[in-house]
Amino acid sequence: MLKYREEFCSMLFQTLNERQSNYGDPSESMKHIAHMWSAYYDRHISPTEMVSMMIMLKLARLKETPIHVDSWIDIAGYASIAYESIMTELEDDEANEDPHEHKESIDDEEMDLDF
């Protein structure tokens, strides 16, 4: 029912706002955690991988208590933060793209084709 989805989204937004107030920008937090895990495991772990691992942690906990609403809210929160991070990265890539890197299209008349 829509009522429960709206309630869930309301709890999600409240949780995201509280966590941001307590811990700061979630994208920066993701980067810091990924950096620390990378150093610990001596291999690169991206922020998106870190979020995936946190979602897996929550799923493992849900195996024991599948009705624990807080874990479902955390999963949705992690997914929304990952989405934000991915979209920001794509925007940054587009903004930093060099328009001269791409080859210009060539008209058929300019090409010397011997068929």
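Predicted model: local features only at pLDDT ≥ 70, side-chain atom pairs only at ≥ 80, totals over all residues.
**Entry 1**
I looked up the largest pocket. About 560 Å³ of space lies in it. I found 22 residues lining this pocket, and R19, Y23, P26, Y78 and I81 are the closest to its centre. Next I checked which helices take part. I noted that α1 (2-23), α2 (26-41), α3 (47-64) and α4 (69-96) each give at least two residues to the lining. I then sorted the lining by type: 12 residues are nonpolar, seven are polar and three are charged.

**Entry 2: the salt bridges**
Side chains of opposite charge can pair when their charged atoms come close. I counted four salt bridges in the structure. One of them joins R19 and D74, with the closest N and O atoms 2.9 Å apart. R19 sits in helix α1 and D74 in helix α4, so this pair ties together parts 55 residues apart in sequence. Is D74 buried or exposed? D74 is buried, because its relative accessible area is 7%, under the 20% cut-off. R19 is partly exposed at 36%.

K58 also forms a salt bridge with D74, at 2.7 Å between the closest N and O atoms. This pair links helix α3 to helix α4, 16 residues apart. K58 counts as buried, at 8% relative accessibility. I traced one network through shared partners: R19, K58, D70 and D74.

I also looked at E28 and K31, which meet in a salt bridge at 3.4 Å, N to O. Both lie in helix α2, three residues apart, about one turn of the helix.

**Entry 3: the patch**
I found a nonpolar surface patch of about 380 Å², made by Y83, I86, M87 and L90. M87 is in helix α4. M87 is partly exposed, at 32% relative accessible area.

Notes: Residues numbered from 1 in each chain as written. Heavy atoms only, no water. 1 Å grid on protein atoms, 1.4 Å probe; cavity = no way out; pocket = protein on both sides within 12 Å on 5 of 7 lines; lining within 4 Å. Points joined across faces, edges and corners; volume = space filled by probe spheres on them. Helix = DSSP H or I, 4+ residues; strand = E, 2+ residues; numbered from the N terminus. Nonpolar A, V, L, I, M, F, W, Y, C, P; charged D, E, K, R; others polar. Patch = residues over 30% accessible without salt bridge, like charges linked within 9 Å, V, L, I, M, F, W, Y side chains within 5 Å. Areas by Shrake-Rupley, 256 points an atom, 1.4 Å probe, with all protein chains shown as cover. Salt bridge = Lys/Arg side-chain N within 4 Å of Asp/Glu carboxyl O. Buried < 20%, exposed > 50% of the residue type's maximum accessible area, 1.4 Å probe, protein only.
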